[in-house]
Amino acid sequence: MSDIRAELRYATSHEWVRLEDDGTAYVGISDHAQDAMGDLVYVELPDVGQQLEVTDEAGVVESVKAASDIYAPVSGEIVAINEALEDTPELVNQDPYGDGWLFQIRLNDKSELEQLLSADDYRTQLDSED
Amino acid sequence: MSTQTDNQLIFELSRPGRRAAAQAPRALPEERLSAIPQALRRKQRPALPEVSELQVVRHYTNLSTRNFAIDKQFYPLGSCTMKYNPRGANRAAMLPGFLGRHPLAPESHSQGYLACLFELQEFLKEVTGMQGVSLTPMAGAQGEFAGVAMIRAYHEARNDDARTEILIPEAAHGTNPATAVMCGYKVREVPVNKEGDVDLEALKAACGPQTAGLMMTNPSTCGVFERQIDGIAKAVHEAGGLLYYDGANLNAILGKVRPGDMGFDVIHMNLHKTFATPHGGGGPGAGPVGVSERLKPFLPTPIVGREEDGRYRWLDQHDLPQSIGHLSAFMGNAGVLLRAYFYARVLGREGMIRVGEYSTLAANYLLKRLEAIGCTPAYPARRASHEFILTFAKESKTLGVSAMDIAKRLLDYNQHAPTTYFPLLVPECFLIEPTETETKEALDEFVAAMESILAEARDNPELLKGAPYSQPVRRLDDVKAARELDLVWSNV
C-alpha cells in the first residue's frame, strides 16, 4: 500500500504539493510514483527564478526503466531546488515526502490548490488505475 | 569453457613491442608530415594496445560468441523489428562497382547506382502512398528531424508563424517528443484510452491555431491499429496542422495500408528495420522521408531525378530552392539504401504484402498462445498488429516477480528478452515483436520457455530474482552503472 499523506495535495500526474506559511510550497513526487519508477538515477530540476504555469514541464526524473516529466502542479516562481538530488537522486526513493522534495515554488494564486486532488481523491485515482 | 584471457580487456593483453604487422601504421614521410601544423600534431603516442594479430582475432571472436544475436537466438524485441535480413541483399550491395564508387565520381560514371536509388525512391512512394521521397536522412532520428523541419518550413513559407505546438499521443514512438523539441516546438501529450486508441475528444480539444502538427505511428506503440485515424487526420487538418507518421511500425502494414491514404503529410521509414539492414547494431541506418504534394518543395537534398533522355542526376538546391537543405556531406548511407533496393526488388509487390501478413500472423499466434498459458495481454479486446503488450502487474503484486525478473530468466532459456517497461503507460510490461521471419517452431519454443518461467514464478520466485545463471555475466546492477557511469579504461 503506498503512502499517501493527508496534509498534502496531489496532481493527477503524481506530484505532491505542501503549502508553507510564507506562501511558498514544496513539490515532490508521490510514494506511488517513486515506486512505479524504480531506483532513480537522475533528476533534472527547473532553474531558480523560473516562472512556471500549471502543467508546464518542471523537470525530469529518470530511472533505469524510464524517464518521466515532472509537471508544475501550481503556477509560480521557483525559489529553491533540492540540490542534494544532483548527487543523491535515491533520496526521492528513500524519502519522497521529506528529503526527496524536488523544488520550492512561490505560488501565484493559492486558489490553484483547490484544483488539486485531496489525499482521498488521490487514493481513489490510484485504486482505479489498478 | 572460458580461460582467464577471455575475461581480460584487449588493453590488459598488451605487451610492449608486440605488434600485428598487417595493422602497423606506415611512417609518414617528412614532407607530408610538415603539411600538418605543429600545434595539431600529437605530443604522445596514442595509448593503443600492443597485441599480435592472432590475439586480436581470438579476443574479438570470443567476445562475439557471447552475444545474444539474431544469428543465434530468437530476438523478439518489440518496437525494433529484429527480423532476419537476407544475406543476398548484403551481397548485392557489396558488389565491387558499388563498393568502390567514389562519392564525388561524376554522374556519368554513377548511372547504375543512381538508377537503383531512383527506383528505390519510386518503390517507397508506391508502398507508402506518398508523392515525393528523399533518401538522404542517415537514420531514423534524422528522418524524424527532417520531417518536422519540413512541417516548420511549410508553415513559415505561408507566414503562418503562430503554430508553436506538436501534438503527440501517449502511444507514439518514444523518440517523437525529442524530435519536436529539437525543431523548436512545444510538446502537448494526448491521452490514449483503455483500448489503446487515441482519446479523440481530448485530441479535438487540444487542436487549435497553435497546432503545427501531430506525430504518431500506426499501428501504435500499444501494438494495435489506430481505428480512428480518419477522425484524427480530419481534426488535425481542420485546425491547420500537418500529420507526421513515424515509420517505426511500418513492417505491420507493408503492402496492406498506406500512410498516404490515411491522410499523413509526411513520414519517415527505417530501412534498417523494415528493409534488409539489421537493426540494433548501432548503425549505420537510413531514414528516408516521404511527403504529400504540398510538402514536396521542402524535401531535403539531394534527390535523384531522371531527365527526359533517361539520364539520372542529383537534384540539388538549384532544383529545389525551398528545400530544408543537406543533412550530410553526400547522400545518406549508400550501403543501407542499396540493401533496401535489392530487398524491395526481391520481395516485389506480392512479397511486401506477405511481410505485413506474416509479421501480423506471427504476433497474433504468439499472443493467443501466451494468453492460453496465463499471460495477461494489456489490450485483451484487441487484435495485435505486428507486436503486442503483456503486463506482469499481477505477478509483480502477488508473487513479487517483476517483468525484469522474467526477462532475465528468459536468457537462461536461450531466448532474448522482449522490450521491457516500454511503452511507459503499461506497468510491468513486455512489448513482443516476433517478426515474419520466425518459424512456428521458434515461436512455440518461446511459449514453452514462458510457461516454464511462469511455473517457476509461482513455485520459486527467488530463482527468478537471481537470473540469469547461464550467461557470461550474472544480473547486472544497472542502477549502480547509471549512477556511477565509468566507461574509460585506464591502467593508471
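## The loop at B:Asp316

In this predicted model, B:Asp316 sits in the loop that links strand 9 (312–315) to helix 12 of chain B. With 14 other C-beta atoms within 10 Å, B:Asp316 is partly exposed, because a residue counts as buried at 20 or more such atoms and as exposed at 12 or fewer. Once its neighbours within four places in sequence are set aside, B:Asp316 has contacts with B:Thr301 and B:Pro302. B:Leu167, by comparison, stands 149 residues from B:Asp316 in sequence and 32 Å from it in space, taken from C-alpha to C-alpha.

## The nonpolar cores

The largest nonpolar core holds 122 residues, and the members that touch the most others are B:Leu120, B:Met150, B:Tyr244, B:Val266, B:Leu337 and B:Ala340. Helix 12 (residues 334–372) of chain B supplies the largest share of this core, with 16 residues. Another core, of 30 residues, lies apart from it and includes A:Leu8, A:Ala33, A:Ala72 and A:Leu91. In soluble globular proteins, nonpolar side chains tend to be buried together.

Which residues does B:Val266 touch, not counting those up to four places away in sequence? They are B:Gly147, B:Met150, B:Ile151, B:Leu242, B:Tyr244, B:Val289, B:Val291 and B:Leu295.

Helix 6 of chain B, which spans residues 140–157, has 18 residues and reaches 25 Å from its first C-alpha to its last, close to the 26 Å expected at 1.5 Å a residue. This helix is mostly covered, with 13 of its 18 residues buried. Just after helix 6 of chain B, B:Asn159 adopts a positive phi of about 55°.

Strand 5 (residues 242–246) of chain B is also mostly covered, since five of its five residues are buried. From this strand, B:Leu242, B:Tyr244 and B:Asp246 point one way, whereas B:Leu243 and B:Tyr245 point the other way. In a regular strand the side chains alternate between the two faces of the sheet. Strand 5 of chain B runs parallel to strand 4 (residues 211–216) of chain B, and four bridges join the two; B:Tyr244 of strand 5 is the bridge partner of B:Met215.

## The sheets of chain A

One open sheet of chain A consists of six strands in the order 1-2-3-9-8-5, with antiparallel pairing. Strand 1 (9–10) and strand 5 (51–52) of chain A each have a single partner strand, so one side of each is left without a neighbour in the sheet. Strand 5 of chain A is joined by two bridges to strand 8 (residues 76–81) of chain A, in an antiparallel arrangement, and there A:Gln51 has A:Glu77 as its bridge partner.

Three strands of chain A form an open sheet in the order 4-6-7, and here the pairing is antiparallel. Its edges are strand 4 (40–44) and strand 7 (67–71) of chain A, each of which pairs on one side only, while the twist from one strand to the next averages 20°. Five bridges connect strand 6 (residues 57–63) of chain A with strand 7 of chain A, and A:Ile70 in strand 7 is the bridge partner of A:Gly59.

## Where the chains meet

The contact between the chains draws six residues from chain A and seven residues from chain B. On the side of chain A that touches chain B, four residues are nonpolar, none is polar and two are charged.

Notes
Residues are numbered from 1 along each chain as its sequence is written. Chains are lettered from A and ligands numbered from 1 in the order in which they are written. This is a predicted model: local features need pLDDT of at least 70, side-chain atom pairs count only at pLDDT 80 or more; totals for chains, interfaces and linings use all residues. A nonpolar core is a set of buried Ala, Val, Leu, Ile, Met, Phe, Trp, Tyr and Cys residues joined through C-beta atoms within 7 Å. Two residues are in contact if their C-beta atoms, placed from the backbone, lie within 7 Å. Two strands pair if DSSP finds at least two bridges between them. Axes are lines fitted to C-alpha atoms, for helices over the stretch in contact, and angles run from 0 to 180 degrees between N-to-C directions. Ala, Val, Leu, Ile, Met, Phe, Trp, Tyr, Cys and Pro count as nonpolar, Asp, Glu, Lys and Arg as charged, and the others, Gly among them, as polar. The expected span of a helix is 1.5 Å times one less than its number of residues.
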